[in-house]
Amino acid sequence: MSLDSKTPSGPLAAKWDQHKFDLKLVNPANKRKFDIIVVGSGLAGASAAASLAELGYKVKCFCFQDSPRRAHSIAAQGGINAAKNYQNDGDSVYRLFYDTIKGGDFRAREANVYRLAQVSGSIIDQCVAQGVPFAREYGGLLSNRSFGGAQVSRTFYARGQTGQQLLLGAYQALCRQIGLGTVEMFPRTEMLDVVVVDGHAKGIVVRDLVSGEITSHSADAVVLATGGYGNVFFLSTNAKGCNVTATWRAYKKGAFFANPCYTQIHPTCIPVSGEHQSKLTLMSESLRNDGRVWVPKRKEDCAKAPASIPEADRDYFLERKYPSFGNLAPRDISSRSAKEVCDEGRGVGPGGLGVYLDFADAIKRLGLSVVRERYGNLFDMYEKITGENAYDVPMRIYPAVHYTMGGSWVDYNLMSSLPGLFVVGEANFSDHGANRLGASALMQGLADGYFVLPYTIGNYFASTKPAKVATSHPEFKKAEEAIRQFTNRLLSIKGKRTPTSLHRELGKLLWEKCGMARNEAGLKEALKRIPELRQEFWKNVNVTGENGDLNQSLEYAGRVADFMEFAELLCTDALHRQESCGGHFREEFQTPEGEAKRDDEHFSYVAAWEYQGLDKAPVLHKEQLVYEEVHMSTRSYK
Ligand SMILES: Cc1cc2nc3c(=O)[nH]c(=O)nc-3n(C[C@H](O)[C@H](O)[C@H](O)COP(=O)(O)OP(=O)(O)OC[C@H]3O[C@@H](n4cnc5c(N)ncnc54)[C@H](O)[C@@H]3O)c2cc1C
């Protein structure tokens with residue numbers, strides 16, 4: 001099978017408008033004849049479900065939380081980008097496009113990124129119309145701040161709770177449709193398989209997480225909006241429930257998985273405090289607008305109280321190395337720089353795995369009340385977790401797994417390689433390339449859900465005229481039976497290790513061998529160890545409780561079982577990509593200054609993997625990245 005990105009021809013700036021015109025339409029009276037399943041109710045899923053229902057389609061929406069409002073999107077702190085140029089500081093659609101392409105280390109599809117920048121302004125208008133309380137200037141105009149990898153202020157925010165406020169907006173829109181009867185909502189329901197009939201996705205099999213009942217739902221198209229898989233590393237900033245199950249099981253049914261090795265490590269997280277820990281906490285990138293990152297110049301000073309170290313003995317390493325962007329260097333670069341100084345023995349805090357993020361200068365310049373107003377809830381959160389008051393002593397931060405740029409491969413219409421299966425938001429691989437710039441995930445999720453999918457899905461219906469399939473079809477029955485067997489198998493092992501302990505071991509292995517830096521020997525070691533660990537899981541896991549009622553141990557074990565398989569693909573992808581780009585840093589491929597060294601001649605492609613069976617090597621398909629508008633250059637933030 002060859003990959004066709006379906007990127008429209010014509011000038012970059014005109015592609016989306018022309019494409020929208022060329023797409024076939026479904027007449028308003030016919031829309032109600034089409035059923036759509038949306039799995040996920042985060043920003044991508046809720047915006048898609050609400051928009052599709054508003055258009056007239058019949059929608060079923062599923063999530064595993066008790067309420068759509070609890071999707072992980074609620075955790076997003078810092079903000080959402082849009083090329084509004086409200087600050088009159090030189091922003092434009094083209095600049096947002098260019099920054100995003102460059103930020104992704106020239107490994108994203110040009111046309112998708114341009115479209116993202118084009119619709120970014122409409123997202124803000126939509127959310128304001130919904131009542132999202134974005135921060136405003138004294139005079140009432142919307143306020144902006146800066147995020148990494150940009151030299152303009154284009155990030156719209158609601159204090160440190162932007163995701164929560166945006167999700168409330170999308171949730172309200174979803175609730176309106178639920179009230180109108182156009183969306184049927186299924187909370188506490190986990191999708192465990194995609195059902196394929198005659199080569200098209202025709203529905204899903206789900207497990208009711210309260211009763212354990214396994215049922216099928218059929219539709220004319222299935223949309224996955226199931227978020228990212230950062231938790232494969234066990235410790236991450238993601239909500240504990242985030243997982244790879246939906247896209248992984250879709251992969252096994254024919255939806256290629258693209259660029260799984262592109263993981264984003266966020267520089268601004270609270271450092272790990274010990275082996276007991278099960279979660280890491282993000283300190284928003286927005287803090288780098290005013291906080292200054294430093295470590296002592298000399299190892300001997302690392303144990304001293306930070307206030308006692310004079311200016312001359314401090315190394316503001318981001319400002320030193322990247323004077324143009326300073327503390328707002330992109331995440332991959334800032335993370336690696338922090339690792340570098342800690343590897344040199346100049347890290348601070350327990351285990352030497354931390355750097356300071358210092359607000360003393362900002363407090364002097366702006367006053368305590370302004371700093372509190374901008375970041376108060378983040379400082380409170382930091383104090384609750386560490387017991388330290390960051391107004392008095394600098395925060396300590398260290399990089400942590402945060403976001404996954406890889407995901408289901410999708411074409412320009414957001415359809416996966418499995419016809420009828422669309423994938424939106426963090427679950428797809430699309431717009432960020434090898435590194436995501438801050439504040440662009442919310443933008444992408446909402447662009448997909450509000451402004452792209454509602455156009456493209458209609459074209460699928462109008463051009464394929466999908467046949468209805470009932471849930472009595474043998475393919476549904478087969479998938480249901482396979483899930484029952486999978487569940488019973490998990491419950492029957494009664495081994496000695498908890499799903500958590502096995503997941504922790506897998507995560508540690510991945511972090512060490514395929515984390516902020518990777519090399520061939522380490523990846524080969526991981527690829528040998530992962531199948532052993534998977535075997536250990538299936539021999540020795542202990543899943544407590546029963547199937548017939550709420551059993552979070554069982555839910556979790558199923559997700560860990562998928563991580564155990566997926567981890568192998570992640571490392572396979574990292575091993576095959578013999579270059580460094582963005583969040584994928586192969587130690588063998590670096591410049592003398594320690595920067596990522598790309599190999600555009602051999603690797604400027606999207607790696608989309610096709611499943612062949614559990615113990616068989618996946619097949620690699622390459623989507624060549626053609627840059628018509630921008631010139632692939634070495635990324636420099638100096
Ligand atoms: C701490 C933190 C802060 C962040 N801050 C920012 C920020 O400031 N700006 C920014 O742009 N980005 C930020 N991000 C990234 C951003 O929040 C996410 O990428 C984005 O919210 C993902 O949205 P989504 O709708 O794709 O997925 P999610 O919000 O993760 O939603 C996934 C949905 O899928 C459902 N689901 C998953 N699997 C299944 C299944 N098998 N069956 C049924 N339902 C399923 C879940 O129930 C949920 O409803 C942050 C991320 C983190 C971790």
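Which residues is Leu166 in contact with, leaving aside its neighbours within four places in sequence? In this predicted model, the partners are Leu43, Ile80, Cys127, Val132 and Leu442. Leu166 itself sits in helix α6. Is Leu166 buried or exposed? It counts as buried, because 30 C-beta neighbours lie inside 10 Å, and the cut-off for being buried is 20 or more. Now try Gly149, which is 17 residues away from Leu166 along the chain. The C-alpha atoms of those two are separated by 23 Å.

**The domains**

Let's step back and look at how the chain is divided up.

| Domain | Residues |
|---|---|
| domain 1 | 12–262 + 405–464 |
| domain 2 | 266–400 |
| domain 3 | 478–599 |

Notice that domain 1 is written as two stretches, 12–262 and 405–464. How far apart are the C-alpha centres of domain 1 and domain 3? The answer is 25 Å. These two domains also touch: 33 residues of domain 1 are in contact with 35 residues of domain 3. On the domain 1 side, the elements giving two or more residues are β6 (189–197), β7 (200–208), β8 (214–218) and α7 (245–252). Strand β6 gives the most, with four residues. Sort the residues on this side by class and you get 19 nonpolar, nine polar and five charged.

**A sheet and a helix across it**

Next, find the open sheet of five strands, ordered β5-β2-β1-β9-β17 with parallel pairing. Its edge strands are β5 (183–186) and β17 (421–423), each of which pairs on one side only. On average, neighbouring strands here are turned by 20 degrees against each other, direction ignored.

Zoom in on one pair in the sheet. Strand β1 (residues 35–39) runs parallel to β2 (residues 58–62), and five bridges join them. For instance, Val38 has Cys61 in β2 as its bridge partner. Helix α12 lies across β1, β9 (221–224) and β17, and it runs at about 150 degrees to β9.

**Around the ligand**

Finally, which residues come nearest to the ligand? Of the 45 residues around it, they are Gly40, Gly42, Ser73, Gly227 and Gly425. Several elements supply at least two residues each to this shell, among them α3 (43–55), α6 (162–180), β15 (395–404) and α12 (441–464). By class, the shell has 20 nonpolar, 23 polar and two charged residues.

Methods: Residues are numbered from 1 along each chain as its sequence is written. This is a predicted model: local features need pLDDT of at least 70, side-chain atom pairs count only at pLDDT 80 or more; totals for chains, interfaces and linings use all residues. Domain bounds come from an automatic or database domain assignment. Two residues are in contact if their C-beta atoms, placed from the backbone, lie within 7 Å. Ala, Val, Leu, Ile, Met, Phe, Trp, Tyr, Cys and Pro count as nonpolar, Asp, Glu, Lys and Arg as charged, and the others, Gly among them, as polar. A residue is near a molecule or strand if its C-beta atom, placed from the backbone, lies within 6 Å of it. A residue is buried if 20 or more other C-beta atoms lie within 10 Å of its own, exposed if 12 or fewer, and partly exposed in between; C-beta atoms are placed from the backbone. Two strands pair if DSSP finds at least two bridges between them. Axes are lines fitted to C-alpha atoms, for helices over the stretch in contact, and angles run from 0 to 180 degrees between N-to-C directions.
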